[in-house]
Amino acid sequence: MLDNPARHHTHRDAAAKVLTWLTCAVRPLKWNEIQCLFCIDPYKGVSNSRNRRVDSCKSLCGSFVEVGEQSLDMPQISPVVSLVHETARRYGKVPSAFFIETENNTKLRYLIQTRRVDLPEANATMALFSSVYLASIPFHKNSNHNSILNNALTGYYGLQDYMISSWDDHMTTSLKQAAELPAQTKKSLRTVLLNLLSRCNFDVLGEDTLQNFDGMRALLTEESLSYLVRQLEQLSSTIRKVTEDIDPSRLDTRTSSIFISLNGKQGYKCPKPKCFMFYQYFESKKARDAHLTQHRNQFVCAVDGCLRQTLGFASLLDLRKHEE
């Protein structure tokens, strides 16, 4: 798949990219999000739909990936693509430490141990991409309706669900793995983080704060990350107000094809980046609005990773029942 000379080099390169993205991804990626990773140039702030893959992820990556079935009822929903072994998604400094021995992880272990996928470098690449992407011109807080609409039609916002909810995971992991990264990568991480903080109006007390990775880690506290999440939530909500009103059936055939393939199904989602429903669809606006009332609940679960840590409960009694 990666070395076979009978395969065209573009297919080999594409397969390597997809496997790298899936290995370091915080959650399984949707096929439209993988398409966006091929199309979007965050440094230029543009999306080139001609770079879409016309083949399938399965034909590229074979048995290394599992692809969710396309819904017959809702064919516009992009299928989810995941690695054959889910526990490889989270990792520490020592690759062997995060594997749970099963019969299914042999291929992933092979990829990592042979350095076909360099986990620290792959994660840093995603941290760089997401930081530049979220600081790019299409995400400028002063963007007007027409500019947002035009960018949406090119598919530029097809990655916002993943990047807004996950960029901090990639960045904090990269800071922890700084010793394993090349000097140029560490320099680039500092640059893009400063730029993103500036775009979010975060007051950095002089650039000396980020001269080394200890300073960068100290800056990204729970409080500062919460501030940045709120800023990105506002940006996302502004963009979604425009994109939720786009009706693909009213677009010309080519524009509609580009929009659907890079954005997936249109629908209503939760605006809270750390909520599971931030990237999942509600059946209607009414259902989404009913869900939002849960975010105003003040009694929250203390267990990391629990959905009720974000949604909470309306009463202390309900929280106690949940904890029990």
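**Close-up views of a predicted protein chain**

**Figure 1. The whole chain at a glance.** Residues are numbered from 1 along each chain as its sequence is written, and side-chain values use heavy atoms, with hydrogens and water left out. The chain has 14 helices and five strands (DSSP runs numbered from the N terminus: helices are H or I with at least four residues, strands are E with at least two). Of its 324 residues, 48% are buried (buried is under 20% relative accessible area, exposed over 50%, partly exposed in between, with a 1.4 Å probe and protein chains only). Where contacts link residues at least 6 apart in sequence, 59% join residues at least 24 apart (contact means heavy atoms within 4.5 Å).

**Figure 2. Helix α1 meets helix α2.** Here the axes of α1 (residues 9–24) and α2 (residues 31–39) come within 11 Å and cross at roughly 120°. Axes are lines fitted to C-alpha atoms, for helices over the stretch in contact, and angles run from 0 to 180 degrees between N-to-C directions. The two helices are therefore oblique to each other (under 35 degrees is roughly parallel, over 145 roughly antiparallel, 65 to 115 roughly perpendicular, and the rest oblique). From α1, the contact draws on Ala14, Lys17, Val18, Trp21 and Leu22, and from α2 on Ile34, Leu37 and Phe38. By class, the residues of this contact are seven nonpolar, no polar and one charged (Ala, Val, Leu, Ile, Met, Phe, Trp, Tyr, Cys and Pro count as nonpolar, Asp, Glu, Lys and Arg as charged, and the others, Gly among them, as polar).

**Figure 3. A closer look at Trp21.** Trp21 is found in helix α1. With 14% relative accessibility, Trp21 counts as buried. Setting aside neighbours within four places in sequence, Trp21 is in contact with Leu29, Ile34, Leu37, Phe38 and Met126. Leu119 is 98 residues away along the chain, yet its C-alpha atom is separated from that of Trp21 by 9.8 Å.

**Figure 4. Helix α2 against helix α11.** The axes of α2 and α11 (residues 253–263) come within 6 Å and cross at roughly 110°. That makes α2 roughly perpendicular to α11. Asn32, Gln35, Cys36 and Cys39 of α2 make the contact with Ser261, Leu262 and Asn263 of α11. These residues divide into three nonpolar, four polar and no charged.

Figure 5. Arg50 sits in the loop between β3 (46–47) and α3 (57–61), and is exposed at a relative accessible area of 71%. The C-alpha atoms of Arg50 and Phe38, 12 residues apart along the chain, are separated by 9.5 Å. Gly264 lies in the loop between α11 and α12 (285–292), and is buried at a relative accessible area of 3%. C-alpha to C-alpha, Gly264 and Gly155 are 9.5 Å apart in space and 109 residues apart in sequence.

Technical notes: Predicted model: local features only at pLDDT ≥ 70, side-chain atom pairs only at ≥ 80, totals over all residues.
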